[in-house]
Amino acid sequence: MVAANWKMNGTLVTIRPLLKKIIDEKQAGIRAEIAICPPFVYLDEISRQLDATGIFLGAQNLSQHESGAYTGEVSAKMLRDYNCRYVIVGHSERRTLYGETDELVANKFACAVAGGLTPILCIGEYLEEREAGDTESVIARQLDTVIDKSGISAFANAVIAYEPVWAIGTGKTATPEQAEEIHAFIRLRLARHDDKVADTIRIVYGGSIKAINAEELFTMADIDGGLVGGASLNADDFLTICHAAR
Ligand code: PGA
């Protein structure tokens, strides 16, 4: 699976041709599952364009509440109204810039599942944490908070994105071996609770995936695809990454 996280980029003028190229190429034969996660305001238009294309729609965030007086927030049910299948939960930019704690992320994950969405749960360590040898304990903490809240069965319909914070938007990709080590750790951690969930869940990598490094990442045993930021804004780069995920 390859998911595009467009973040807060683009306008209708730029995303229309980008989307058209992706749809055309998917229909010409890309085997990997593709998901597009645009800004909220474009969900309506993109939902209609993706109809019957085999490409899935995702949102970049959702509220931890079902409904109510939460100005500026968007609920899981609203996202379902626009045919979102996926929603990114706990992206490091949300955690860092908007103060999303492990508990808040766990609540959002629960709301996504309850609302019929498939969460793409982002977890990952800061550079200082990696250098201090704390990567595994950080990943375990982020994961366990969600498991404690929603139970392992909720992961039967979830995707995990391992996104080392030091690799996001920095051009500094984790090596395939570095990424694989943590993906395998995540799978093992899930297997403590449920072997089948651990075996079948998709664990994707994110952090400066590019056309030139996607293939070597995707050949690793526990890397099931990618969450792509910067490179998803360029149709040729993104499609090369999608082809690499065969
Ligand atoms: P990047 O972003 O590919 O630009 O590093 C990935 C992400 O934030 O999901």
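The model is predicted, so local features need pLDDT of at least 70 and side-chain atom pairs count only at pLDDT 80 or more, while totals for chains, interfaces and linings use all residues. Residues are numbered from 1 along each chain as its sequence is written, and side-chain values use heavy atoms, with hydrogens and water left out.

**Ligand site**

- The ligand has 13 residues around it, and Lys7, His91, Glu163, Gly169 and Ser208 come nearest; a residue is near if one of its heavy atoms lies within 4 Å.
- By class, this shell holds four nonpolar, seven polar and two charged residues. Ala, Val, Leu, Ile, Met, Phe, Trp, Tyr, Cys and Pro count as nonpolar, Asp, Glu, Lys and Arg as charged, and the others, Gly among them, as polar.
- An N or O atom in the side chain of His91 is 2.6 Å from an oxygen atom of the ligand; a polar contact is a pair of N or O atoms within 3.5 Å.
- Polar backbone atoms also take part: one of Gly169 is 2.7 Å from a ligand oxygen atom, and one of Ser208 is 2.7 Å from a ligand oxygen atom.
- On its own the ligand has 280 Å² of accessible area, and the protein covers 95% of this (Shrake-Rupley method, 1.4 Å probe).

**Pockets**

- A pocket is found on a 1 Å grid over the protein atoms alone, as an open set of points where a 1.4 Å probe fits, with protein on both sides within 12 Å along at least five of seven lines; lining residues have an atom within 4 Å of a point.
- The largest pocket has a volume of about 480 Å³, taken as the space filled by probe spheres set on the points.
- Its lining has 18 residues, with Lys7, Met8, Gln60, Asn61 and Arg94 closest to the centre.
- Helix H4 (residues 92-97) gives the largest share of that lining, three residues; helices are DSSP runs of H or I with at least four residues, and strands are runs of E with at least two.
- The lining of the largest pocket divides into nine nonpolar, five polar and four charged residues.
- The second largest pocket holds about 220 Å³ of space.
- Of its 16 lining residues, Gly169, Ser208, Ile209, Gly229 and Gly230 are closest to the centre.
- The ligand takes up the space of the second largest pocket, with more than half of its atoms within 2 Å of the grid points as the criterion.

**Backbone angles**

- Lys7, in the loop between strand E1 (2-5) and helix H1 (12-29), has a positive phi near 55°.
- Ala52, in the loop between helix H2 (43-50) and strand E3 (56-59), has a positive phi near 65°.

Methods:
A polar contact is a pair of N or O atoms within 3.5 Å; within protein, one must be able to donate a hydrogen and the other to accept it, and residues adjacent in sequence count only if both atoms are side-chain atoms.
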